[in-house]
Amino acid sequence: MYYNPFHYPVNPPMTYYPSYTIHFPPPRSYPPVNTKIFEQSIKTFRVLMRQGSLLLDRLSDVGFARKIMNAAQQGKHAEVDSLIKSIGLTIPVGTRFTPSGVAFILTTPATQAQPADCCTLSINMKWGQ
């Protein structure tokens, strides 16, 4: 038979801390809500939505869609960009395409009132397997 000279207690003793030593953080104080920037973003995003609608209306033309798909398939990124610019959108549009899909990224331009672009609309569509 084996002899174990050490004795391990079944339940190790727990250290109890008095409740007065536990410190809870004070509740957070938040700044007052200011919806001015949010309201401006909503107005700007409505412009993006209208421009996106114009883009989709033009892309629904079969002949125009065929031109864009052919240029993208041949890797002519400049031609795809010029076709998108020919639509007459007033905001910058970025395009990314793969053999299986296309993404149009509409962003708001920076202005004096709003130096950083506030909103982005991404339109991702599938056009292949």
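Q: Quick one to start. Is Cys-118 buried, partly exposed or exposed?
A: Cys-118 is partly exposed, at a relative accessible area of 29%. Buried means under 20% relative accessible area, exposed means over 50%, and partly exposed lies in between (1.4 Å probe, protein chains only).

Q: And Cys-119, buried or exposed?
A: Cys-119 is buried, with a relative accessible area of 7%.

Q: What kind of model am I looking at?
A: A predicted one: local features need pLDDT of at least 70, side-chain atom pairs count only at pLDDT 80 or more, and totals for chains, interfaces and linings use all residues. Residues are numbered from 1 along each chain as its sequence is written, and side-chain values use heavy atoms, leaving out hydrogens and water.

Q: Good. How many helices and strands does the chain have?
A: Three helices and three strands. Helices (H or I, at least four residues) and strands (E, at least two) are DSSP runs, numbered from the N terminus.

Q: In what order do they come?
A: From the N terminus on, they run α-α-α-β-β-β.

Q: What do the strands build?
A: An open sheet of three strands, with the order 1-2-3 and antiparallel pairing. Two strands pair if DSSP finds at least two bridges between them.

Q: Why is one side of strand 1 and of strand 3 left without a neighbour in the sheet?
A: Strand 1 (93-97) and strand 3 (120-126) stand at the edges, so each has a single partner strand.

Q: How much are neighbouring strands turned against each other?
A: By 15° on average, direction ignored. The axes are lines fitted to C-alpha atoms, for helices over the stretch in contact, and angles run from 0 to 180 degrees between N-to-C directions.

Q: Which helices pack on the sheet?
A: Helix 1 (residues 36-59) does, touching strand 2 and strand 3. Its direction makes about 25° with that of strand 3. Helix 3 (residues 77-85) also packs there, touching strand 1 and strand 2. The direction of helix 3 makes about 140° with that of strand 1.

Q: Back to the strands. How many bridges join strand 1 and strand 2?
A: Five, in the antiparallel sense, with strand 2 covering residues 101-107. These two strands form a hairpin with three residues between them. Val-93 stands opposite Leu-106, and Phe-97 stands opposite Val-102.

Q: How many between strand 2 and strand 3?
A: Seven bridges, again antiparallel.

Q: Why is strand 2 largely enclosed by the rest of the structure?
A: Because six of its seven residues are buried.

Q: And what share of the chain is buried?
A: Buried residues make up 22% of the 129 residues.

Q: Switching to helix 1. Which residues does Ser-41 touch?
A: Ser-41, found in helix 1, touches Cys-118 and Cys-119, not counting residues up to four places away in sequence. Contact means heavy atoms within 4.5 Å. Ser-41 counts as buried, at 17% relative accessibility.

Q: What about Thr-44, buried or exposed?
A: Thr-44 counts as buried at 13% relative accessibility. This residue also lies in helix 1.

Q: What does its side chain reach?
A: The side chain of Thr-44 reaches the backbone oxygen of Gln-40 at 2.8 Å. A polar contact is a pair of N or O atoms within 3.5 Å; within protein, one must be able to donate a hydrogen and the other to accept it, and residues adjacent in sequence count only if both atoms are side-chain atoms.

Q: Last stop. Where is Trp-127?
A: In the segment after strand 3. Trp-127 counts as partly exposed, at 23% relative accessibility.

Q: What is Trp-127 in contact with?
A: Leaving aside neighbours within four places in sequence, its contacts include Ile-68, Met-69, Phe-97 and Val-102. The Trp-127 side chain reaches the backbone oxygen of Thr-98 at 3.0 Å.

Q: How many residues apart in sequence are Trp-127 and Met-69?
A: They are 58 residues apart in sequence and 8.4 Å apart in space, C-alpha to C-alpha.
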